[in-house]
Amino acid sequence: MFTRRDFLATATAAAGVHWAIQADAQAAFDPTPQEVRIKKEFEPGLLMILPRSFYLYLVTEPRKAIRYGCGVGKAGLEFTGSATIDVKKEWPTWRPTQEMIERDPRTYAKFVDNDYVQPGGPGNPLGARALYLFQNGVDTYFRIHGTTQPETIGQAASNGCIRMLNEHVIDLYARVPLGTKVNVL
């Protein structure tokens with residue numbers, strides 16, 4: 001026989017599952033730029049990247065930031081630490097690093113044993129914009145850039161760079177000046 005106690009227990013469990021599903025849906029990855037609240041200790045103008053959650057934050061004012069979804073480096077290839085944006089380029093040219101060519105010569109065959117540089121444009125892996133990360137005035141060869149592979153946003157799929165959807169990196173590019181501090185945590 002179905003008792004009142006059974007009914008209440010079932011109803012409570014069902015409500016718990018419903019709330020858990022709603023919480024999971026709210027926590028689902030969303031690359032859309034959004035204004036979010038952050039801890040007060042982060043200074044306006046700072047870029048923070050949280051690779052484990054696949055988000056990049058531009059601190060706009062105390063306790064506020066714009067959050068963008070991003071893709072990050074594969075395990076063992078990721079950049080961590082602090083840097084500054086010392087160069088910005090629209091429709092940048094691109095050449096894989098020698099390490100990338102050595103790791104995957106088949107993928108980068110057109111770059112083997114030559115100085116070929118891929119021109120900027122819609123087919124370039126760096127996408128529409130690139131922000132070049134430097135440490136102590138030295139290029140790290142890591143970038144925050146657009147991508148020709150939008151399906152990799154929200155994944156650890158790059159050779160170390162931070163990828164963004166082209167329309168999002170265009171927005172970020174316009175918002176950050178040279179010298180912007182970047183922390184990849």
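## The sheet

Strand β2 (residues 47-50) pairs with β11 in the parallel sense, over three bridges. Strands here are DSSP runs (E, at least two residues) numbered from the N terminus, and two strands pair if DSSP finds at least two bridges between them. This is a predicted model, where local features need pLDDT of at least 70, side-chain atom pairs count only at pLDDT 80 or more, and totals for chains, interfaces and linings use all residues. Residues are numbered from 1 along each chain as its sequence is written, and side-chain values use heavy atoms, with hydrogens and water left out.

Nine strands build an open sheet with mixed pairing, in the order β1-β4-β3-β2-β11-β6-β7-β8-β10. β1 (34-37) and β10 stand at the edges with a single partner strand each, so one side of each has no neighbour in the sheet.

Which residues of β11 are on its covered face? In strand β11 (residues 181-184), Val182 and Val184 make up the covered face, while Lys181 and Asn183 make up the uncovered one. In a regular strand, side chains alternate between the two faces of the sheet.

Val184 is the bridge partner of Ile49. Gly81 also stands opposite Val184. β6 and β11 are antiparallel and share four bridges. Ala83 stands opposite Val182 in β11.

## Strand β8 and its neighbours

Strand β7 (residues 129-135) pairs with β8 in the antiparallel sense over five bridges. Gln135 stands opposite Val138 in β8. The hairpin of β7 and β8 has two residues between the strands, and Asn136 takes a positive phi near 50 degrees there.

β8 also pairs with strand β10 (residues 162-163). The two run parallel and are joined by two bridges. Ile144 faces Ile162 in β10 as its opposite residue.

## The annotated site

Where does UniProt place the feature "active site"? The record, an unreviewed entry, puts it at His145 and Cys161. UniProt positions follow the numbering used here, feature names are shortened, and annotations may be inferred rather than shown by experiment. The two positions span 17 residues in sequence, yet their C-alpha atoms are not more than 7.5 Å apart, so they gather at one spot. His145 and Cys161 both belong to the lining of the largest pocket. On a 1 Å grid over the protein atoms alone, a pocket is an open set of points where a 1.4 Å probe fits, with protein on both sides within 12 Å along at least five of seven lines; lining residues have an atom within 4 Å of a point.

His145 lies in strand β8 and counts as buried at 5% relative accessibility. Buried means under 20% relative accessible area (1.4 Å probe, protein chains only). Setting aside residues up to four places away in sequence, His145 touches Pro125, Leu126, Arg129, Ala130, Cys161, Ile162, Arg163, Met164 and Val169. Contact means heavy atoms within 4.5 Å. Cys161 sits in the loop between β9 (156-158) and β10. At 14% relative accessibility, Cys161 is buried. Its contacts beyond four places in sequence include Gly71, Tyr141, Phe142 and His145.

## Aromatic pairs

How many aromatic pairs does a search of the whole structure find? The search finds seven. Phe79 and Phe142 form a tilted one, at 5.0 Å centre to centre with 45 degrees between the planes. Phe79 lies in the loop between β5 (72-73) and β6 (81-90) and Phe142 in strand β8 (residues 138-145), so this pair ties together parts 63 residues apart in sequence. Rings of Phe, Tyr and Trp (its six-membered ring) pair if their centres lie within 6.5 Å; planes under 30 degrees apart count as stacked, over 60 as edge-to-face and the rest as tilted. Phe79 and Phe142 are both buried.

Phe29, Phe54, Tyr55 and Tyr57 form one aromatic cluster. Tyr55 is in strand β3 (residues 55-61) and is buried, with a relative accessible area of 8%. Tyr55 and Arg67 are twelve residues apart in sequence and 6.4 Å apart in space, C-alpha to C-alpha. Outside its four-place sequence neighbourhood, Tyr55 contacts residues including Phe29, Ile49, Arg67 and Cys70.

## Charges over Tyr173

The charged end of Lys88 sits over the ring of Tyr173, 4.4 Å from its centre. Arg129 lies over the face of Tyr173, at 5.5 Å from the ring centre. A charge sits over a ring if NZ of Lys or CZ of Arg is within 6 Å of the ring centre and within 35 degrees of the ring normal.

Methods: Buried means under 20% relative accessible area, exposed over 50%, partly exposed in between (1.4 Å probe, protein chains only).
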